[in-house]
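Reader: Hey, can you walk me through this one? I'm new to looking at pockets and cores, so plain words please.

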Amino acid sequence: MSTTGASADPLAALGSLPGVTESVESVRKAVDRVYGHRVMRRRSNEITSEAALRGARGSAALSGADWALEEVRRRTDFSGDDDARVVGAALRLTAEAGQLLSIWRQSPLRVLARLHLVAAAGNGDEVGRPRQTREPVDEPLIELPLPDADEVHGRLEGLSELVITGSSAPALVTAAVVHGELLALRPFTSRNGLVARTAERIVLVGSGLDPKSVCAAEVGHAELGRAAYLAALDGYVSGTPEGMSAWIAHCGRAVELGARESTAVCEALQRGAA
């Protein structure tokens, strides 16, 4: 999302696009529903932990490692094949996200660098920093044209400025733009999808929309499917009002499904079945 020549609050303008207000309201109702559940008042830590696990599973699935939830729950070693490393990276990012909330609004680029360091789990020179000219990107599931390094750096600075300055836009809009921009840019040499979805989660939690992190959008993105995810991302990359609105609505639906998942967990706990 280019901010050149934009208004003082370009995110707020996105909030007024057709359909976005309805998405925001629908998300708020879904979030209120799970937070109003009686189990949340007594056992919210359990719901948060379960949402984290399910969110990590969903994010890994979108990056090509579609494991059953019970396999993720049971496994202790994630150092084996490529799929195992993807799942391990998703779990590490979910755990790390909560430690970075206080830093995000002051230094989002520092947070993104840390997320990549955690996800990549390597010590190469390319880890934990935006890619440089001619460095390859390992993100095979996203086939969009790859912006060059200069464009990446410029747009990352613009995104950082938007976050630091703040916006009157609903949290859903900000989260969707952060998520979409990172997928479009693929600023790191690897694990961009995992980082982008974790950044979305940080925005939703840090904004106060989902302070206990129980509405895992990653669950919803996975449930909606990779084809729908990539189609919605095409809309974001197009930059058209219709495309942007469709991407925000897609992210909103993902949050709703994440909230529904945690509501089901609450119901199971209430019945004594979980």
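Reader: OK, how confident is the prediction, what's the mean pLDDT?

Author: The mean pLDDT is 94, and 97% of the residues reach 70 or more. Residues 2–6 are below 50, and that stretch has 2 contacts in the model beyond near neighbours in sequence.

Reader: Back to the second largest pocket, what's its volume?

Author: About 270 Å³. It has 15 lining residues, and those closest to its centre are Trp-104, Arg-105, Thr-174, Val-203 and Ser-207. Helices H6, H8, H9 and H10 each give two or more residues to that lining, with the largest share, 3 residues, coming from H10.

Reader: And what about the largest pocket, which classes of residue make up its lining?

Author: That lining has 9 nonpolar, 3 polar and 8 charged residues. The volume of the largest pocket is about 350 Å³. Of its 20 lining residues, Ser-63, Val-86, Asp-138, Pro-140 and Arg-191 are the closest to the centre.

Reader: Which helix gives the most to it?

Author: H5, with 4 residues. H5 spans 82–97, and H10 (192–206) and H12 (226–238) also supply at least two residues each.

Reader: Switching topic: how many residues are in the largest nonpolar core?

Author: There are 80, and Trp-104, Leu-112 and Trp-247 have the most contacts inside that core. H9 gives the most to the core, with 11 residues.

Reader: Last one: which residues of H11 are buried?

Author: Ala-217, Glu-218, Val-219, Gly-220 and His-221. Their cover includes H3, H9, H10, H12 and H13. After H11 comes Gly-225, which has a positive phi, near 100 degrees.

Key
Residues numbered from 1 in each chain as written. Predicted model: local features only at pLDDT ≥ 70, side-chain atom pairs only at ≥ 80, totals over all residues. Heavy atoms only, no water. 1 Å grid on protein atoms, 1.4 Å probe; cavity = no way out; pocket = protein on both sides within 12 Å on 5 of 7 lines; lining within 4 Å. Points joined across faces, edges and corners; volume = space filled by probe spheres on them. Nonpolar A, V, L, I, M, F, W, Y, C, P; charged D, E, K, R; others polar. Core = buried A, V, L, I, M, F, W, Y, C linked by side-chain atoms within 4.5 Å. Buried < 20%, exposed > 50% of the residue type's maximum accessible area, 1.4 Å probe, protein only. pLDDT = per-residue confidence, 0-100. Contact = heavy atoms within 4.5 Å.
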